[in-house]
Amino acid sequence: MDRTIRTVEDVLALLDGLFTSDSDGSAADRLATGDGKGFWDRFYADRSRPVPFFAAKADENLAAYLDQGMISAGRALDLGCGPGRNALYLASHGFEVDAVDLSPVAIAWAKDRAHKAGVDVHFLCGDVFALPAAALRGRYDLVVDSGCFHHLPPHRRVSYLAFLDRVLAPGGHLALTSFAAGEGGTGSELADADIYRERELRGGLAYTPESLRWIFSDLVEVELRRMREEPPESSLFGAAFLWTALFRRDVMT
C-alpha cells in the first residue's frame with residue numbers, strides 16, 4: 001500500500017509521473033518541459049541539424065519590444081533558453097541575464113556561443129521548478145519564455161504561475177512565445193482532461209488567444225499577436241504558427 005500524497009507538490013509530482021518516459025519507454029528524468037532531460041539532450045546533440053531555432057537569431061518580437069520601447073534593459077530571466085539565442089541577444093543589449101534549461105547539452109552549446117560572442121550570461125542547468133531559491137538572483141524586470149510554457153503538462157501551469165509570482169518584479173514583463181491553435185498539427189489541441197487520458201503531450205500544447213488571456217489574467221496584456229514570419233536571410237527568428245505575447249505585472253502587486 002502506498003499513501004504518499006500530503007501536499008499540493010505531492011499531487012503535482014504524481015501527475016508528472018504520467019508523462020515521465022522517454023521514447024524507448026524507460027523512466028526519464030524529472031519533468032520541467034513535458035519531456036525528459038534525455039529527450040532534450042538528444043534533440044540538441046547535433047548542432048548541424050536544420051532546425052530553424054538552432055540558428056543564433058533572437059525572436060523578432062523580442063527585438064520589436066526593444067525597438068518600440070515596450071521594454072528596456074534591466075534584469076532578465078530566459079526560461080528554457082536552449083542554445084541561448086535570446087539570452088545572448090538580451091545580454092548584448094544591456095540586460096543582466098540569467099538563463100536556465102533542463103538540458104546540459106543545450107547549456108554547453110549556449111555557453112560556447114556566449115564565449116564566442118563575448119557576452120556575459122549566467123547559465124543554470126536544471127528544472128526551473130526545482131531550482132533552489134538562491135540560484136536565481138532576486139526578481140526580474142523581464143522573463144522570456146520562447147517555447148517552454150507550451151511544453152508543460154496542464155497541471156504544471158499552477159507551478160509556472162506561482163514561479164512567475166515569485167520572480168517577476170512589479171512592473172516587470174513576461175515575453176511569451178507559444179504554439180498557436182488552428183495550425184493543422186503544430187501543437188496538440190486536445191482538451192486538458194483528454195491529455196491525461198492519453199498521457200501524451202504530442203510535442204507541445206497549442207493555445208488560443210482566449211486561453212492565454214485567461215491563464216495570465218493576473219497580468220496586464222500589453223500585446224498579443226501572431227509572430228511575424230521572417231525569411232531565412234533575416235537576422236531574427238519568426239514563424240507564423242506561434243503566438244507572441246507581452247504581459248506586464250501591475251506595479252501595485
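1. Let's start with a pairing between two strands: L79 has V100 in strand 3 as its bridge partner. L79's strand 2 covers residues 75–79, and it pairs with strand 3 in the parallel sense over 5 bridges. Two strands count as paired if DSSP finds at least two bridges between them. Helices (H or I, at least four residues) and strands (E, at least two) are DSSP runs, numbered from the N terminus.

2. Before going on, keep in mind that this is a predicted model, where local features need pLDDT of at least 70 and side-chain atom pairs count only at pLDDT 80 or more, while totals for chains, interfaces and linings use all residues. Residues are numbered from 1 along each chain as its sequence is written, and side-chain values use heavy atoms, with hydrogens and water left out.

3. Is strand 3 enclosed or open? It is largely enclosed by the rest of the structure, because 5 of its 6 residues are buried. Buried means under 20% relative accessible area, exposed over 50%, and partly exposed in between (1.4 Å probe, protein chains only).

4. Have a look at G82, in the loop between strand 2 and helix 4. With a relative accessibility of 1%, G82 counts as buried. Leaving aside neighbours within four places in sequence, G82 is in contact (heavy atoms within 4.5 Å) with Y44, D101, A106, I107 and A110. G82 and W40 sit 42 residues apart in sequence, yet their C-alpha atoms are 9.1 Å apart in space.

5. S178 belongs to strand 6 (residues 168–179) and is buried as well, at 1% relative accessible area. Apart from neighbours within four places in sequence, S178 touches H150, Y207, L212, F241, L242 and W243.

6. Next, the largest pocket, with a volume of about 750 Å³. Among the 43 residues lining this pocket, Y44, F53, R85, S146 and G147 are the closest to its centre. Helix 2 (37–45), helix 4 (85–92), strand 3 (96–101), strand 6 and strand 8 (236–237) each give two or more residues to the lining, and helix 2 has the largest share, 4 residues. By class, the lining divides into 23 nonpolar, 12 polar and 8 charged residues. Here Ala, Val, Leu, Ile, Met, Phe, Trp, Tyr, Cys and Pro count as nonpolar, Asp, Glu, Lys and Arg as charged, and the others, Gly among them, as polar.

7. A pocket is an open set of points on a 1 Å grid over the protein atoms alone, with protein on both sides within 12 Å along at least five of seven lines; in a cavity a 1.4 Å probe fits but cannot get out, and lining residues have an atom within 4 Å of a point. Points are joined across faces, edges and corners, and a volume is the space filled by probe spheres set on them.

8. How many cavities of 30 Å³ or more are there? There is 1, and the largest cavity holds about 30 Å³ of space. Strand 5 gives the most to its lining, with 3 residues.
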